[in-house]
There are 2 protein chains.
Amino acid sequence: MEPGTARIAVDLLGGDHAPAVVVDGALRACQADPSLHLLLVGPLEVAGKILAALDPADRARVNTRVVTGKDEPGGRSHDPGTVQAAVLAVVEGHADALVSAGSTGATVRAAALGFGRWPGIRRPALAAVLPTAAGRLVLLDVGASVDPGPSTLIGHTLLGAAYAAAVHTLDAPRVGLLSIGTEPGKGDRVRRAAAPLLAGLQLPADAHYIGLVEGHDVVLGEQADVVVTDGFSGNVLLKGLEAAYGLAGGRLPIDAPPRAAALLGVAGTVVVCHGAATAGDLASGIALAAHLHRRAAVAVSAGLISLGRTTDSGISDHEVSHE
Amino acid sequence: MEPGTARIAVDLLGGDHAPAVVVDGALRACQADPSLHLLLVGPLEVAGKILAALDPADRARVNTRVVTGKDEPGGRSHDPGTVQAAVLAVVEGHADALVSAGSTGATVRAAALGFGRWPGIRRPALAAVLPTAAGRLVLLDVGASVDPGPSTLIGHTLLGAAYAAAVHTLDAPRVGLLSIGTEPGKGDRVRRAAAPLLAGLQLPADAHYIGLVEGHDVVLGEQADVVVTDGFSGNVLLKGLEAAYGLAGGRLPIDAPPRAAALLGVAGTVVVCHGAATAGDLASGIALAAHLHRRAAVAVSAGLISLGRTTDSGISDHEVSHE
């Protein structure tokens, strides 16, 4: 394998518009990045369409793992078994990372089961990177954790801080907790319980907790580099912003957020695309997975958290008592 | 009093930038609407600034209720007592409606206490009206209820449906429950508990529950006329969208949402402005309060709900068992 090579397993049956958009997305990604290798996971006839459309010279970069869907393809609620097969391919060393636009819940479960979790992290989180007027911002969670307790928000804080340091190479990232006001005590029960714990927490990579932030801070990016929230409000906000940026049709001074999120907290590189992902979204997701693999994002992030944890005081207590 | 006259009590000390922006906002509102009368509630010297800046012919439309702030003006966390005095002025018949940019919690409490609630509604909700590509959309709650139970979301559904019918004169408004996927069962605990109850609920004004909607539906407006959510996610989404529309600077095909929300569920007309409201936001809030009064929005909405309730089956049971 040449240096810089990234071997990405692609779930051919994941997503509302699979397999058509996955086929197109995989082709685009392959053509855009000559060091990209794909492992197509799904029915032979779908993989065949991609191979047939590729330049013969590029076909050597594409392998197939045949999985006949257990169910009809395309639905987010269906579980065609392709995402488990993609996880297995990474575990077995046949791919470096995986991408799926299938059910978020199914992907998170398969990844947590197949890869295991990072030391000290109980709940994985989906992290979206949003372009802002002031630079990139990591928003997490955007859909993996609903009804989190304070300890899950603390876990998200560690994950987001480590990701910003490892992938965005930010020194001392600023981490905010999303709420509905910035004065201490603002927010719902879980925010009010988590905020004082976060204030006392030692974060990886010299990150620091800056307190409560609001919805507009996620857009403007002036206050925080990482914004932590539950998967419900994070998902609602992300989808709302995507639609607003979509309406703007490129007339905004910032780019639209990519419709692909990195799964943090599992010991493997996983990118989850929007269920309604387009071919362009899939290609972005595959490129993100390759980027994360090349940066060794999982190993570096998990390492930063383990390093920080040696001087950490008392998060385990909170995890037991508050969840 | 001439027909069309609206007498609006304005909290001079509410908001992060009070009293300066309130003074400017009141002046703008007064100049824009010749049938508007203002009752300025706050310190004499602040009211004096407004009177001094007005054309002498307009001064007859402005009265003052002197309240010396209990505290320093300006902070959202402070409670200068002006909002209670404004509620009292409406209760006593000296004004038709009130506007405050002060603490949302303090305004909701003062209004619920002073006016009482609509029959059958336990928790008031703040409703924001968002312009969408497909028309106006009512989003509620945007900050009055955090940690709601299923019965509070049911109450919001009744309030939103009645408001859309009464104020937007919509026949059979379509009401959606905000979630993170549209398939039945998607969402967190409270959404999963509320959705089946909503499906069986008889709504006022021939409104119908269309099921789960997502963040982008609030922007696009194609699926629903009313979107119901908890005050945390609603506030986060609204503030995020406001900032995105602000970045677009008028380059979007739709207007920015007004930074003023109607308080529904209390037996008086109340408009709450953003704590960081500008003079323009305050003027919009005053205009919204006048509009709601002229439409008799509170009486009509509450009446629609009472009417619907005579054939309603079982909401009280859910309120007792789920909250």
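Predicted model: local features only at pLDDT ≥ 70, side-chain atom pairs only at ≥ 80, totals over all residues.
View 1. Residues are numbered from 1 along each chain as its sequence is written, while chains are lettered from A and ligands numbered from 1 in the order in which they are written. Chain A and chain B bury about 3300 Å² between them, and 71% of this area is on carbon and sulfur atoms. Of the area that chain A buries against chain B, 21% comes from I180(A), F232(A) and L247(A), more than from any other three residues. The contact (heavy atoms within 4.5 Å) takes 40 residues from chain A and 40 residues from chain B.

View 2. In a salt bridge between K239(B) and E214(A), the closest N and O atoms are 2.3 Å apart.

**View 3. Helices on the side of chain A that touches chain B.** Helices are DSSP runs of H or I with at least four residues and strands are runs of E with at least two, numbered from the N terminus. Helix 6 (189-199), helix 7 (215-220) and helix 8 (231-248) of chain A each supply at least two residues of the side that touches chain B, and helix 8 of chain A gives the most, with 14 residues.

**View 4. Arg charges over Phe rings.** A charge counts as sitting over a ring if NZ of Lys or CZ of Arg is within 6 Å of the ring centre and within 35 degrees of the ring normal. The charged end of R191(A) sits over the ring of F232(B), 3.8 Å from its centre, and the charged end of R191(B) sits over the ring of F232(A), also 3.8 Å from the ring centre.

**View 5. A salt bridge within chain A.** Over all chains, a search of the whole structure finds 20 salt bridges. One joins the side chains of D33(A) and R294(A), at 3.0 Å from N to O. Because D33(A) lies in the loop between helix 1 (20-32) and strand 2 (36-42) of chain A and R294(A) in helix 9 (residues 279-294) of chain A, the pair ties together parts that are 261 residues apart in sequence.

**View 6. Backbone geometry in the loops.** Most residues other than glycine have a negative phi, and most peptide bonds are trans. The peptide bond from L140(A) to D141(A) is cis, with omega near 5 degrees, and D141(A) is placed in the loop between strand 6 (135-140) and helix 5 (150-167) of chain A. A296(A), a residue other than glycine, has a positive phi near 50 degrees.

Methods. Heavy atoms only, no water. Buried area = accessible area lost by both parts, 1.4 Å probe. Salt bridge = Lys/Arg side-chain N within 4 Å of Asp/Glu carboxyl O.
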